[in-house]
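Good morning, and thank you for coming. Please look at the sequence and the structure as I show them.

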Amino acid sequence: NNNLTLTISDVSCTETWITLSSNNVPLPANILIKKNGNEFLNINLVNKDTALYDSTLLPNQTYSYQAVYNNGFNLGMSEVVSAKTMDTTSNNYSWQLYTLGNEIGASSTLYDVAIINDTSIWAVGEINIQDSIGMFNAVHWDGKNWNPMRLKFFPPGSVGDSVIGDGTSIVANSGKDIWVVAGTVFHYNGIHWTAFYNTGAEGANRIWSNGNGSTWFVGHNGNIVLNANGNWQKIESGTNQDLYDIYSNDGQTIYASGGDYTNYSGVLLKGNSNGFQILKEGEHINADQIFNPYFAGVAATAWASETNQVYFGGEFLYRFAYSKMDYVKSLPGNYLGGNSNAKNWGVINRIRGLADNDIVIIGERNTILHFNGVRWQQLGMPYDPNSHYDWLSISMKSNIAVAVGFMDMNAVIMVLKRE
């Protein structure tokens, strides 16, 4: 009557997570886990359900697992289950760099970017170009050129239009559904821009949208606001920390991240329209204090894969998967004291990806690193700890990635295309 069951919970290029379940097995029990017919783990089972982790795998391979129980009299075993690891993705990207602004001695910066398709890409910020009218607040890629634009809207009761301010964040679900935060919240329906006042989302740092009527805004002092099909609602965040990023892989579970740069603290939130809870917190700690229970520093960015593995960080890159938080160990020097003087990469401003084997992080000192499931590789120009390139945001879609930011007084854009 002994019953052991193995279930493959998730698989990456080099890892698998397995759930061991027991029924009618007297606990504690000695359980042998076999991989490809050979002994892999020998564990003392004390709970009915136990999570197992194997990080010794190779990409694009199939592995078999079986659990065996021997109580001295009866031999019980689970059925054999198989796990096929993901293949790696290509690190082979061509790239092109564009520089805007600094023609009139004023600085220019692009803060965020959104890809609709390869002939329609939007970026927002402040672009100062010699012109009789003044600065631009957006640029649009039409497939051939980056065209500086002055986004305008018609204020209620006004007979004329007004220029939207410097954009800090943008999300583009289509050419007829674009949201921009520029102090006030603005929406473009393909014909004109509409301003939304007194929503609570004014001054938001970041936007996320599922394209199906739900648009999320995060900002200072833990502010989270949801627009659900035109209904604005403030959502309880459970924190007073400033929030800098928001993301969801399914539109149901939302992750937000932030912190306080003055005391080097951080926060990672998880929630939905009913409210958020603190998933993990960061503090100014030493290496011997890490993950007990805090991570180190501010969580400037967060991204969740389709398998609900959450990647987040700033000074360091962390992963929260199956109730366990750890460094992303594939990133060289990614531990307290391991990236001294930014020898491997600069502070991370944004992480985005298409899957666990297709991730890009961008940040200070010309950091643009792509993870193919096994290793990280610098894209575009070589990494330089003394570089003045500071990348602030990135958007990925299929085989296109676009990073934006600034270099000295110029706004910069890098378009990366996978070969």
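In the loop between which strands is the place of P28? P28 sits in the loop between β2 (16–23) and β3 (29–35); strands here are DSSP runs of E with at least two residues, numbered from the N terminus.

This is a predicted model, in which local features need pLDDT of at least 70 and side-chain atom pairs count only at pLDDT 80 or more, while totals for chains, interfaces and linings use all residues. Residues are numbered from 1 along each chain as its sequence is written, and side-chain values use heavy atoms, with hydrogens and water left out.

Returning to P28, the peptide bond that joins L27 to P28 is cis, with omega about 0°. A cis bond also links N292 to P293, with omega near 5°. P293 belongs to the loop between β27 (275–283) and β28 (295–296).

I turn next to backbone angles. N198 is not a glycine, yet has a positive phi of about 55°. N198 lies in the loop between β19 (193–196) and β20 (206–209). S323, also a residue other than glycine, has a positive phi near 70°, and is found in the loop between β31 (317–321) and β32 (324–327).

Finally, consider W216. Leaving aside neighbours within four places in sequence, W216 is in contact (heavy atoms within 4.5 Å) with residues including R206, I224, N272 and F276.

Methods: Helix = DSSP H or I, 4+ residues; strand = E, 2+ residues; numbered from the N terminus.
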